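User: Hey, I'm new to this one. Can you walk me through it?
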Amino acid sequence: MITLKSPAEIALMRQAGRILVAALEDVKKAIAPGVTTKTLDEVAARSIKSRGGYPAFLGYQGFPANICTSVNDEVVHGIPDERVLQEGDIVSVDLGVVYQGYYADAAWTFPVGAVSAEAERLMSVTQQSLWRGIAQARAGNHLSDISHAIQEYVEQNGFSVVREYVGHGIGTRMHEEPQVPNFGPPGRGIVLREGMCLAIEPMVNVGTWEVKQLANGWTVVTKDHRLSAHFEHTIAVTAAGPVVLTSA
Ligand code: MG
């Protein structure tokens, strides 16, 4: 069942989104060569709690940290630990915030110091693909218009979209229906309506789209160990078009 959110509910999700983006800014400032991913986790948790939110990933299906930090060939669900970030790495930071019972979810891939031209292009294309997807999140469009816009842009630029993990509805739970794939033909799936809230989240690989999960049961890496990037926003479908809720 897909729930439609009232303007008051969307306003609460927006509050969660503001807290999330402030935390993401704090994490961004902390990213540098020599910093551990565990430090980023601590920065995010402090930031979220200081603004009255709660880190939604902590304990979710047993996840052992506040945020996900996925470095280089890690696609999603990397667990913050003693890993030290190196100059030239890219790190995807994915975090959820719950505020007064409403959720926001977003991700951003950051460079660590100076990175390769390939890494720069991957981050840029992934972020642009997210905006292409968001632009399709309009009442009357089909769900897969989002999916198609993302895949088309990514593949035009020579990269691939991950198939095994997808975006999702969001609201009073972090993961609600519908699933929002980052691939597929246009004009399929449900018709979007005002009040639908979606987390749109392209995961884009330089090489193959195929991924595998590590033995820790969480971390997902590219099968060919080439780079992966991840950008995500929580958006609401409104009469005025798509509104990004994970913004300042
Ligand atoms: Mg998500």
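Predicted model: local features only at pLDDT ≥ 70, side-chain atom pairs only at ≥ 80, totals over all residues.

User: Okay, which protein donors does the magnesium ion have?
Analyst: They are Asp105 (OD), His168 (NE2), Glu201 (OE) and Glu232 (OE), lying 2.2 to 2.3 Å from the ion.

User: How are those donors spaced along the chain?
Analyst: The spacing reads D-x62-H-x32-E-x30-E. Asp105 and Glu201 link distant parts of the chain, being 96 residues apart. Asp105 is in strand 5 (residues 102–111), while Glu201 is in the loop between strand 9 (197–200) and strand 10.

User: And are Asp105 and Glu201 buried or exposed?
Analyst: Both Asp105 and Glu201 are buried.

User: Switching topic: what's the strand order in the open sheet of 3 strands?
Analyst: The order is 6-10-13, and the pairing is antiparallel. Strand 6 (160–161) and strand 13 (228–230) are the edge strands, each pairing on one side only.

User: How many bridges join strand 6 to strand 10?
Analyst: There are 2 bridges between strand 6 and strand 10 (residues 203–205). Val161 stands opposite Val204 in strand 10. Helix 3 (residues 117–135) packs on this sheet, where it touches strand 10 and strand 13. The helix direction makes about 35 degrees with that of strand 13.

User: Why does Val125 count as buried?
Analyst: Because its relative accessible area is 3%, and buried means under 20%. Val125 lies in helix 3.

User: What does Val125 touch, leaving aside neighbours within four places in sequence?
Analyst: Val125 is in contact with Tyr153, Val154, Asn157 and Phe159. Val125 and Tyr153 are 28 residues apart in sequence, and 7.8 Å apart in space, C-alpha to C-alpha.

How values were computed:
Residues numbered from 1 in each chain as written. Heavy atoms only, no water. Pairing = 2+ DSSP bridges. Helix = DSSP H or I, 4+ residues; strand = E, 2+ residues; numbered from the N terminus. Contact = heavy atoms within 4.5 Å. Axes fitted to C-alpha atoms, helices over the stretch in contact; angles between N-to-C directions. Donors = N, O, S within 2.8 Å, 3.2 Å for Na, K, Ca; no water. Buried < 20%, exposed > 50% of the residue type's maximum accessible area, 1.4 Å probe, protein only.
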